[in-house]
Amino acid sequence: MNNNDLQPREHRVYPSLALNIIERQEHSVSRQMISENALKVLYRLHGAGFEAYLVGGGVRDLLLGGTPKDFDIATNATPEQIRQLFRNCRLIGRRFRLAHIMFGRDIVEVATFRGHHQEQNAQVSVQSEQGMLLRDNVYGTKDEDAERRDFTINAMYYNIADYSIHDYAGGVEDLEDRLVRLIGDPETRYREDPVRMLRAIRFAVKLDFDIEEDTAEPIERLAPLLGEIPSARLYEESLKMLQSGHGLETYHLMREYNLFQQLFPVIADHFTADYSSQTEHMLDLALDSTDLRVEENKRINPAFMFAAILWYPMVAQAQRLTEELGIQYYDAVMEASNQILDRVVKRIAIPRRHTATIREIWQLQLRMPRRNGKRAIRLMELNKFRAGFDFLQMRGDVEGGETKELAQWWDTFQSAGRNMRQAMVNDLHQASPSKSKGKPRRNVRKKKSKTES
Ligand code: ATP
Ligand code: MG
């Protein structure tokens, strides 16, 4: 245990923050930039006699001239009091109890000011041996709430009562200096919640900020603490890291700080000093294309990204299995898929519906070369065909050679007319005379080739 003191620890951990109030005419946040629903919630709370502030990313992104992803609200009303004010309210969360005010698909998150955890509050706050906060439901004052937030740029409060901004930790200055800086002692704050290491990287990339020196220093060393985080939370975080439009850069920065290696040890096994493995090439391609799709507002499927970044580790494992067990490549791929996904899911709880799709995309890769007879047409009718084809194209870019040719064949085939398609399939027969002609044999395994066994 790292608490060598029996005194209240917050004196050491949380330096008292100096509140700086910026009046409405001295900052650039205006109500027009805040969503109607968030304003409704702020005004309703305020009208009922509670304090109500816009806080976190909402204030930060507005001050930077950007569009916030969502608007988070902090108040001195308790979750129960919030629920009494809003019909459309749901209380959620175990680690932090929060109120969600629902406006159709738009959700405004309202949190009661959080206070410091103390020993006598064992029922509401629980800490692990490594100093990690497991449960954290102590309500407190707004000052305490600010001290509990992660970064200085996330601890600014926009007051609906007079439209001023309350800056507790020098966030405005750090915004100007473009710095991600933890509030308090970095190592302690990371031990309390190791996910803050991921958040530091995420904000640095998303905002194009630097990570302040003391905030950056412990990360590489403490990265293994991510192993204590529940896999469901890591799954959510990994999506925020890799699928929010800056995945490529985020991965590279995570890797520099030894964080990516913690989330995906299966992939990190294939890392090279000069970034030259097929796995690394595929990571770059897959994350780059995901970023592009986000930019173009296209739908993104987590399964596709996971299938891509895990493909070569899976193939390597399949090859190992064919060599060690002398089994057919197809069977080896099935087994390797299970083994790799089992390992990954222990760390990052990819939901079952997605792992099913990952398997489908991988299996399609085995079927794409087999285009004889009616096979090509039938493959195209599968609803995962498009994903399988896009995947094959990325593999073509990584591998070149036959895979690239195969991807090109499929590209042409899809846009070709009936006659052309027939001709393309006929050509396959001529190009590979060794393949049996005429009726395809059903339920007969291909003979083992000499290299196998
Ligand atoms: P964005 O929504 O753009 O990703 P954000 O800063 O709003 O960024 P959220 O995850 O929505 O991030 O959290 C809202 C606020 O809650 C943060 O700004 C921060 O003040 C606080 N917060 C969130 N996660 C943590 C954490 N792990 N430790 C301390 N404070 C946190
Ligand atoms: Mg937010």
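Predicted model: local features only at pLDDT ≥ 70, side-chain atom pairs only at ≥ 80, totals over all residues.
Me: Which element gives the most residues to the shell around ligand 1?

Reply: The shell holds 17 residues, and the closest are Arg60, Lys69, Asp193, Arg196 and Lys206. A polar side-chain atom of Lys206 lies 2.7 Å from an oxygen atom of ligand 1, and two or more residues of the shell come from each of α3 (57–63) and α8 (195–207). With 5 residues, the element that gives the most is α8.

Me: How many residues in the shell around ligand 1 are charged?

Reply: Among the residues in polar contact with the ligand, Arg149 places a polar side-chain atom 2.9 Å from an oxygen atom of ligand 1, while an N or O atom in the side chain of Arg196 is 2.8 Å from a nitrogen atom of ligand 1. By class, the shell has 1 nonpolar and 3 polar residues, and the number of charged residues is 13.

Me: What percentage of the accessible area of ligand 1 does the protein cover?

Reply: The side chain of Lys206 comes to 2.7 Å from an oxygen atom of ligand 1 through one of its polar atoms. On its own, ligand 1 has 580 Å² of accessible area, and the part of this that the protein covers is 89%.

Me: Is Arg178 buried, partly exposed or exposed?

Reply: Arg178 lies in the loop between α6 (171–177) and β11 (179–180), and its phi is positive, at about 55°, although this residue is not a glycine. Most residues other than glycine have a negative phi. The relative accessibility of Arg178 is 37%, which lies between the limits of 20% and 50%, so Arg178 counts as partly exposed.

Me: What is the relative accessible area of Asn297?

Reply: Asn297 is found in the loop between α15 (278–295) and α16 (302–325), where its phi is near 60°, a positive value in a residue other than glycine. A residue counts as exposed when its relative accessible area is over 50%. Asn297 is exposed because its relative accessible area is 73%.

Technical notes:
Residues numbered from 1 in each chain as written. Chains lettered and ligands numbered in written order. Heavy atoms only, no water. Helix = DSSP H or I, 4+ residues; strand = E, 2+ residues; numbered from the N terminus. Buried < 20%, exposed > 50% of the residue type's maximum accessible area, 1.4 Å probe, protein only. Near = heavy atom within 4 Å. Polar contact = N/O pair within 3.5 Å; in protein donor to acceptor, adjacent residues only side chain to side chain. Areas by Shrake-Rupley, 256 points an atom, 1.4 Å probe, with all protein chains shown as cover. Nonpolar A, V, L, I, M, F, W, Y, C, P; charged D, E, K, R; others polar.
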